[in-house]
Amino acid sequence: MKGRLIALFLILLTGACASVEKPPPSAVSRMEAGKAESLLARIQEANEAMTPYKAVGRIGVDDDSGSWSVRAAWLGAPGGRFRIEAMGLAGQPFVKIICGPDLCSFHFPEDGEVRRRDTGRRSLGRLAGVDIDVDDLALLLGGGVPIADHDTAAAYQMLGGDPMLVLKKRFSGTVQRIRFSTEPISVREVEMFTWQGTAYRAEILEVRSADGRDMPFELQISDAAGHRLSVSVERCWADAAVPARAFSPELPGNTDAAP
């Protein structure tokens, strides 16, 4: 009986500690409650407005195996559908990753043939060096922002005047921080957390308008271990005609640059 009381006390204490107000580093002051709701609504509106998109550019990775950079083409669509093709010197794709609603498939050359490996785990760690979920990456490259499951949201004014949105979950504490720039207001950094610490940090370094939608043209994603994924966009179509079959693991066609 005594042991059960101690366990209950520890659970209650943990919950109380998780709810204690802890402003993010460099915060000057907490903003009014309506500001957090307004920022969250802005993100949700942008996410809901996302349309299928295509882009070509360069992908760079720095991880434990070294550094490499390759020209690539990719396309995405709502629902976490995503496809990327790394291109060789002749401009032909040689490695493909295709993610539909249920699985991701990796297609790569081996012994003169194209091999396929399927996985239900929707992580692009094998591509990105950073363990980021394909749904998150597809949203970020499509001009949206992933939103972590949370219980509360608070907005803070940072040094320099920029706002930051902090999402928290009971017993877990902070699960996400989103930093905005002002004039015009737009997302500049997204940081996701697990109970172990930072899962990844996405820095949106350049934004341009494409087909009436703000799209990232320079994006860098890193984790606590120092692994880094860099994306540089050359051309982008934010409202492209992308058929559902493009996300089939049966390798239909390619990601042709033109929409």
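**A colleague's note on the pocket, cores and strands**

1. Two or more lining residues come from each of helix H2 (33–48), strand S11 (186–194), strand S12 (197–210) and strand S13 (213–222). H2 gives the largest share, five residues. Please keep in mind that this is a predicted model.

2. The space in this largest pocket comes to about 410 Å³. By residue type, its lining splits into eleven nonpolar, four polar and five charged.

3. The largest nonpolar core holds 53 residues, and Trp-74, Phe-82, Leu-165 and Ile-221 are the members that touch the most others. Helix H4 (residues 134–141) supplies the largest share of this core, with six residues. There is also a second, separate core of seven residues, with Ala-77, Trp-237, Ala-240 and Val-242 among them.

4. Have a look at Ala-73, which sits in strand S3 (residues 66–77). Is Ala-73 buried or exposed? Its relative accessible area is 2%, under the 20% cut-off, so Ala-73 counts as buried.

5. Strands S8 (residues 152–158) and S9 (residues 163–169) run antiparallel and are joined by six bridges. Within this pair, Gln-157 stands opposite Pro-163 of S9. Four residues lie between the two strands, and Gly-160 in this hairpin adopts a positive phi near 100 degrees.

Technical notes. Residues numbered from 1 in each chain as written. Predicted model: local features only at pLDDT ≥ 70, side-chain atom pairs only at ≥ 80, totals over all residues. Heavy atoms only, no water. Core = buried A, V, L, I, M, F, W, Y, C linked by side-chain atoms within 4.5 Å. Buried < 20%, exposed > 50% of the residue type's maximum accessible area, 1.4 Å probe, protein only. Pairing = 2+ DSSP bridges. 1 Å grid on protein atoms, 1.4 Å probe; cavity = no way out; pocket = protein on both sides within 12 Å on 5 of 7 lines; lining within 4 Å. Points joined across faces, edges and corners; volume = space filled by probe spheres on them. Nonpolar A, V, L, I, M, F, W, Y, C, P; charged D, E, K, R; others polar.
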